[in-house]
Amino acid sequence: MIEHFDAIRFRKQLISWYKKHKRNLPWRDTTDFYKIWISEIILQQTQVAQGHDYYLRFLKQFPNVNVLASASEQEVLNAWQGLGYYTRAINLHKAAKQIIS
């Protein structure tokens, strides 16, 4: 006989596990849409261990959407160097320009 799946119990177990094992990551401690957005783009196709340092460096160079939008595409690509999938950086830059305009 197949046991009935208890979604509520599973959810409680998952949340309990997360609270015990979660990593301290900078994008989890903010409500700043820009910082969360940058983390989401960097972490596509990138492991957290690699993306973490890129995230910190990227935010240091481009601390807000205005600074990112006013940067040249080459500056953004240089900051992205090593992450791969450069279309992410190009599209991020284009989106920042659209947000500002």
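Mentor: Gladly, and let us begin with Arg-28, which lies in the loop between α1 (7-21) and α2; please keep in mind throughout that this is a predicted model.

Trainee: Is Arg-28 buried, exposed or partly exposed?

Mentor: The class follows from the relative accessible area, where partly exposed covers the range between under 20% for buried and over 50% for exposed. Arg-28 has a relative accessible area of 37%, so the residue is partly exposed. Together with Lys-19, Lys-22 and Arg-23, Arg-28 forms a positive surface patch.

Trainee: Which residues make the nonpolar surface patch?

Mentor: Phe-5, Phe-10, Leu-14, Trp-17 and Tyr-18 make that patch, whose area is about 550 Å². Take Phe-10 as an example: this residue is found in helix α1, and it is partly exposed because its relative accessible area is 43%.

Trainee: Now for a case in helix α2: how is Ser-39 classed, buried or exposed?

Mentor: Ser-39, which is found in helix α2 (residues 33-42), has a relative accessible area of 2% and is therefore buried. When its neighbours within four places in sequence are left aside, Ser-39 is in contact with Trp-27 and Tyr-55.

Trainee: Which residues does Val-48 touch, not counting residues up to four places away in sequence?

Mentor: Val-48, a residue of helix α3 (residues 48-61), touches Arg-23, Leu-25, Trp-27 and Leu-43 on that count. For one of these, Leu-25, the separation from Val-48 is 23 residues in sequence and 9.1 Å in space, taken from C-alpha to C-alpha.

Trainee: How far apart are Gln-74 and Lys-35 in sequence and in space?

Mentor: Gln-74 and Lys-35 are 39 residues apart in sequence, and their C-alpha atoms are 21 Å apart in space. Gln-74 itself is placed in helix α5 (residues 73-80) and, with a relative accessible area of 47%, is partly exposed.

Technical notes: Residues numbered from 1 in each chain as written. Predicted model: local features only at pLDDT ≥ 70, side-chain atom pairs only at ≥ 80, totals over all residues. Heavy atoms only, no water. Helix = DSSP H or I, 4+ residues; strand = E, 2+ residues; numbered from the N terminus. Buried < 20%, exposed > 50% of the residue type's maximum accessible area, 1.4 Å probe, protein only. Contact = heavy atoms within 4.5 Å. Patch = residues over 30% accessible without salt bridge, like charges linked within 9 Å, V, L, I, M, F, W, Y side chains within 5 Å. Areas by Shrake-Rupley, 256 points an atom, 1.4 Å probe, with all protein chains shown as cover. Salt bridge = Lys/Arg side-chain N within 4 Å of Asp/Glu carboxyl O. Lys, Arg positive; Asp, Glu negative; His and termini not counted. Charge placed at Lys NZ, Arg CZ, Asp CG, Glu CD.
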